[in-house]
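Let's take a friendly walk through this model, with its strands and one of its pockets in view.

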Amino acid sequence: MGSELRDFQECHAHSQNPCGHAQPLKDHLEGVADLAAKFASVFGAGEEARLVAALHDAGKLGEAFQQRLKGQSAAVDHWSPGAWAALQRFRNVAAAVAVQGHHQGLKEISKDALIRLDPTKWEQTHPDGPHLSVSDTMAMVESLTVAGLLPASSPHSVYGSSIQQTVSAMLDVRMLFSALVDADFLDTERHFKCGQARPQAPDLQPERALDEVLRHVQQLKSNTNADAAVLSAREELMKACLEAADQAPSAGVFTLTAPTGSGKTLAMLAFALKLAIRTGSRRLIFVLPYLSIIDQTAQVYRRILEPVFGHGYIIEHHSLMGTRAAETQEADSVDEKIRRERLLAENWDAPVIITTSVQFLESLFSNRPGACRKLHRIASSVVLFDEVQTLPVSLTVPSLKALSRLTAGYNTSIVLATATQPAFEALASAVQEDRNCGWQPVEITPPRLDLFNRLRRTSVRWPGQAAIGWDELAERLKAHPRVLCVVNLKRHACELVCRLREAGATGARHLSTNLCPAHRQKVLREVRQALENGRAECRLVSTQCVEAGVDLDFPVVFRAMGPMESIAQAAGRCNRNGLLGDGGVVEVFRPEDNAYPPGGYQQAAAVTETLLNRLGPDGLDLNDPELFRRYFRELYDLSRPESHCPDLQEAIKRQDFETVAREFRLIADDAINVLVPYDLEEFDRLCTEVEKTGLTATWLRRARPHSVSIFRPRPRDPILRYLKPVPVVKGGDSSEWFIYLEPDHYDRETDLGLVVPAESQVLIA
């Protein structure tokens, strides 16, 4: 059943650290309570967080757990007694599920789920579960009360006393949970490091940071080859952003709609810093869809701010974090910098965070302690989404609900920046729910700037009904010495670049996710060098991975028919700096194999076709923001985002955190990571190392730039003969990481990347 209580003064929370000291339970509970209260006080839940912290390890008062610390007992559940006490003594649902989930993750808020915590029914509800550390929870509560760790009455709850059915209510629980698990991680880490303090993150210091940004902008004006009209538009956009920040509310939803090349990257940073000066925001969080954009943005921001504020002021949190530093610094400084950034990235303890849409949004819907521990840092921040049009339609409504709750309840401002602004306000009624403020954004860029017309750099030729063959398209590309062609599918890109080379075109390059990230970065560097040279020929055939945010400037761009925003993003790579006046040329074409990626992409392409048929070529002006509002409204009418993901919607109504976390995925779960033989020396080193050590965090960091993702093969797929599972640290094999065994299948010479034999074809994610 349960176990007897130990005297509080004799109980320990953790075993001996390297210095030979076990951690007293009272010290741990007090340490976690102080930290959690500090974290949650930012959003008015300090006292509730203190209660949760006091109860989270209360079950360690049980004799069974104390014996477990000595290795003398079987598995012990030490969290359920505190969760039941939160429910019975304090009538606090949020505290109960937070305590219950602080090791294994948030579960479910339902009467049936909560009643299973009852220690008097433990053997019936958990017949095969771990031993319960404490059965007399009231005696446990009394012991904590005597020790001065529990309040006399229940503090105000972020969740409330009745079961809710909303995204916003679940986010409130996660924010409280975040304060608890981060405090628990930090106090435990401090014990096992013998009291050694973590590196301290600097303060934001927005006034000083803004001065540096504006100084950098002035330097750019004298060192750029951009057209005078472009420079004027960038200056006015910057001024408008600073003025808007002066007039903005302390927390709100904003849109920043500005064309490619208008200086949006620096303007949004300036807006956020100016807003932080006025509102006291603690940090800036930049959320970007692709690693290529993150790399560019991080380099710009680091170049401006790191010389003044040092390492730890900006951290990147994504799958390739640390690799950029490793390419540019000496080994000793790299190790220390990466170690520091990895520590701070665990809980976003830095003034400026640069992360991915996947990392940010999936964390808002996660149930796991590791993913949730950073969430409390979002409170009182400015969160800026760049290229927001990449948000999947299927997850738009729940995402906007969560962002709206951050604004309404956590003093957080949200900025959505793009040249092709989605009409999210059309979804306002679907987004509105109890505790959030719906979706009524304020546009930062005033219409009087007329940026899209002023920065009109291209003319767009829309296709007729006839399709064009690959050979004919290759000949047309060959006629241009510097040209970009963007297609919808990877097999189209491979086919076209091969036809281009067969036609004798020099400087033909290929870019897609068939190439590992390190290979893509190499190709982009070489393309930029060729374009800067001015005389070298450069014909780049790419998938959509080149569109959003990649800083390339071609005089001519071809784009396969597709979603309107994708065509506009491709056009943004044409005459980017305005050196040709308005003479850039964008040609939209229909390939002979007019296939699309499945799902939302195909629906979006259909809306583009509909508008082309209805409005004609003259009616599709990519420089008209109103066209995109109309396009997105029609896309939402067709796809009905509020009806997507029924399993996710039902899980939200059930307040089922595990299922919500599983169903909310920006990238499909059915993909595996494959280490590919791009850099053969590094490939051999990684293979040798992982055979000795198994799958480790250090190995993953080094392997990600040399890997591609493929959709998980079926059991009898021929490609499995080329895949070897990576061994894990504690024995067995990984089901997520594999080594590609045939070096000849990775094309390094002509940059086609992973080319799997026809009989083994799989879809590369």
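## Strands and their partners

Strands (E, at least two residues) and helices (H or I, at least four) are DSSP runs, numbered from the N terminus. Two strands pair if DSSP finds at least two bridges between them. This is a predicted model, where local features need pLDDT of at least 70, side-chain atom pairs count only at pLDDT 80 or more, and totals for chains, interfaces and linings use all residues. Residues are numbered from 1 along each chain as its sequence is written, and side-chain values use heavy atoms, with hydrogens and water left out.

Look at β21 (residues 733-740): β20 (residues 723-727) runs antiparallel to β21, joined by 4 bridges. Here Lys724 sits opposite Ile739. Strand β18 (residues 671-675) runs parallel to β21, with 3 bridges, and Asn673 has Trp737 as its bridge partner.

On a 1 Å grid over the protein atoms alone, a pocket is an open set of points where a 1.4 Å probe fits, with protein on both sides within 12 Å along at least five of seven lines; lining residues have an atom within 4 Å of a point. Of its 24 lining residues, Lys38, Phe39, Gln200, Asp349 and Arg377 are the closest to the centre.
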